[in-house]
Amino acid sequence: MKALSPDPLGAEMEFGEGVAGRVAESGESLVIHNYPQWGGRSERFAGKPVFNVLGVPMRWQGELVGVLSLDDEVGGRHFTERDIALAEQFARIEPFLP
């Protein structure tokens, strides 16, 4: 898969590539503090100001359909357990019931 654009928004990542690829591969949420120093970072977005990253799986009817990634571009934010829980709740895609 190739990125849709040089911008992370809407990028398609290989399984295992970067935070989104690791989350897609494992099906588990992941927080990385100090992303530029993390050995699993994707070089695709090298030079972009990203310091801390939170990735959570997005599921529809139990199937992985994507990864929601949140990042800190300033460097002062450390994602907490509460942040993870909120992101996971947001990423759960439920069918619309009238």
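Where is the place of Trp-60?

Tutor: Trp-60 lies in strand E2, a segment that spans residues 52-60. The model is predicted, so local features need pLDDT of at least 70 and side-chain atom pairs count only at pLDDT 80 or more, whereas totals for chains, interfaces and linings use all residues. Residues are numbered from 1 along each chain as its sequence is written, and side-chain values use heavy atoms, with hydrogens and water left out.

Helices (H or I, at least four residues) and strands (E, at least two) are DSSP runs, numbered from the N terminus. The chain contains two helices and four strands, arranged along the sequence as α-β-β-β-α-β.

Trp-60 has a relative accessible area of 33% and therefore counts as partly exposed; that class lies between buried, under 20%, and exposed, over 50% (1.4 Å probe, protein chains only). Across the chain, 44% of the contacts between residues at least 6 apart in sequence join residues at least 24 apart, a contact being heavy atoms within 4.5 Å.

Strand E2 is also one of the elements against which the buried residues of helix H1 pack, together with strand E1 (30-33) and strand E3 (63-72). Helix H1 covers residues 18-26, and its buried residues are Gly-18, Val-19, Ala-20, Gly-21, Val-23 and Ala-24. An α-helix has 3.6 residues a turn, so residues three or four places apart point the same way. After H1 comes Gly-27, with a positive phi near 75°. Of the 98 residues of the chain, 30% are buried.

Two side-chain pairs elsewhere complete the picture. The structure holds one aromatic pair. Tyr-35 and Trp-38 form this pair, which is tilted, with 5.7 Å centre to centre and 45° between the planes. Rings of Phe, Tyr and Trp (its six-membered ring) pair if their centres lie within 6.5 Å; planes under 30 degrees apart are stacked, over 60 edge-to-face, and the rest tilted. Both Tyr-35 and Trp-38 are buried, whereas Trp-60 is partly exposed.

One salt bridge is found in the whole structure; the term denotes a side-chain nitrogen of Lys or Arg within 4 Å of a carboxyl oxygen of Asp or Glu. Arg-41 and Glu-43 form this bridge, at 3.1 Å from N to O. Arg-41, at 32% relative accessibility, is partly exposed.
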